[in-house]
Amino acid sequence: MRPAIATDGRALDIDVIGVRKGFGAHPALLGVDLRIRRGELVALLGPSGSGKTTLLRVIAGLEIPDSGKVTMGGQETANVSIQNRGVGFVFQNYALFKHMTVFDNIAYGLVIRPAVRRLPKAQIRERVSSLLELVQLGGLERRYPAQLSGGQRQRVALARALAIEPKVLLLDEPFGALDAKVRKDLRRWLREIHRKTGQTTIFVTHDQDEALELAERVAILNKGRIEQVGSPDDIYDRPATAFVASFVGEAIALDLLIQNGRAALGAQSFKLRQHSQQDGPARLFVRPKSVRIVEPGEGDLAAIATSVRRTASGRRVEIQLAGVADLVEIELEDGKTLRPGEPIEIALDQSLLFFQSK
């Protein structure tokens, strides 16, 4: 008999240690280390091809790492089968059985258990009924997947994963195929499910809003490596690398040359607000809301307004900075008016500076 993950009935902590995984000549994970605490809700966020889904599948046991290891509750999982890891997996495409009713889909993992571990039929019915209420699908147990909306099918997939009472819940782009409003509703609902179950939960997403709104911590992946792990506030307000600063949220990136505490941008230069003893080429990131239009002589940089447009949250102005090929877009304060072609000065209230590696 193959071993199972030992548990005291509670959620498990997970350690990913030095995991590498490649597919032919294409590396997917390059020595990933990640610790996930018991009962934590963690997002794996990154662009396409960053390795986030591969990492999730390695944790689940659906992919075998080329090197490194995964432990759950302190126990190495290399010789533990998928069925014995206590993991529930929710796929992006739901993976529901089309020929089965909602009830039978949810009950599937319980029904196929070996006879010695299988619950009596009455207890299976009771568990499925309670899960239907938990995912707000009571009364739909006789329907088939084709008779459900996308949001309802996703709830069935989650209920099926929860039916086996997993200690770890893994979700791969769970809301990726749904429209924006349904995704937003299901985010709140998943957060409530996590609060009620207390399971260690890891979900993959490319949606930054989803990761920042749902997760207690976010792991940012890029080209098979983890760039930063932290709270949503840490990731957004205190990015550890230039990649995180550029990837998470909206940011203006300016390539500068730093010398003696001043930053040169083309023919312009300004004094850095943050202290830096280092000189050399660097990239400055600033959020559009942290750029102010100020009176002549009070700003950091001169620019020309090229256009003003309305957005749902306010007004935006595109500006041309001397020495910068691309237009830069900033937020326009209430009450301010600008005409195309008007010269302005801007102040950079908050920014992040990253020196470029040689």
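1. In this predicted model, helices α2 and α4 cross in a right-handed manner. The residues that α2 brings to the contact are Val 102, Asn 105, Ile 106 and Leu 110, while α4 supplies Val 156, Ala 159, Arg 160 and Ala 163. Sorted by class, the residues of this contact comprise six nonpolar, one polar and one charged.

2. The geometry of the pair may be stated next. Helix α2 covers residues 102-111 and helix α4 covers residues 150-163. Their axes lie 7 Å apart and form an angle of about 30°. Angles under 35 degrees count as roughly parallel, and α2 is therefore roughly parallel to α4.

3. Helix α4 also lies across two strands, β6 and β7 (168-172). Relative to β6, α4 runs at about 170°.

4. Both of these strands belong to an open sheet of six strands, whose order is β6-β7-β8-β3-β9-β10. The pairing within this sheet is mixed. At its edges are β6 (87-90) and β10 (225-230), each of which pairs on one side only. On average, and with direction ignored, neighbouring strands are turned by 15° against each other.

5. In which sense do β3 and β8 pair, parallel or antiparallel? Strand β3 (residues 41-45) and strand β8 (residues 200-205) are joined in the parallel sense, over five bridges. For Val 42, the bridge partner in β8 is Ile 202.

Note on methods:
Residues numbered from 1 in each chain as written. Predicted model: local features only at pLDDT ≥ 70, side-chain atom pairs only at ≥ 80, totals over all residues. Heavy atoms only, no water. Axes fitted to C-alpha atoms, helices over the stretch in contact; angles between N-to-C directions. Helix = DSSP H or I, 4+ residues; strand = E, 2+ residues; numbered from the N terminus. Parallel < 35°, antiparallel > 145°, perpendicular 65-115°, else oblique. Left-handed = near helix turned anticlockwise from the far one by under 90°. Contact = heavy atoms within 4.5 Å. Nonpolar A, V, L, I, M, F, W, Y, C, P; charged D, E, K, R; others polar. Pairing = 2+ DSSP bridges.
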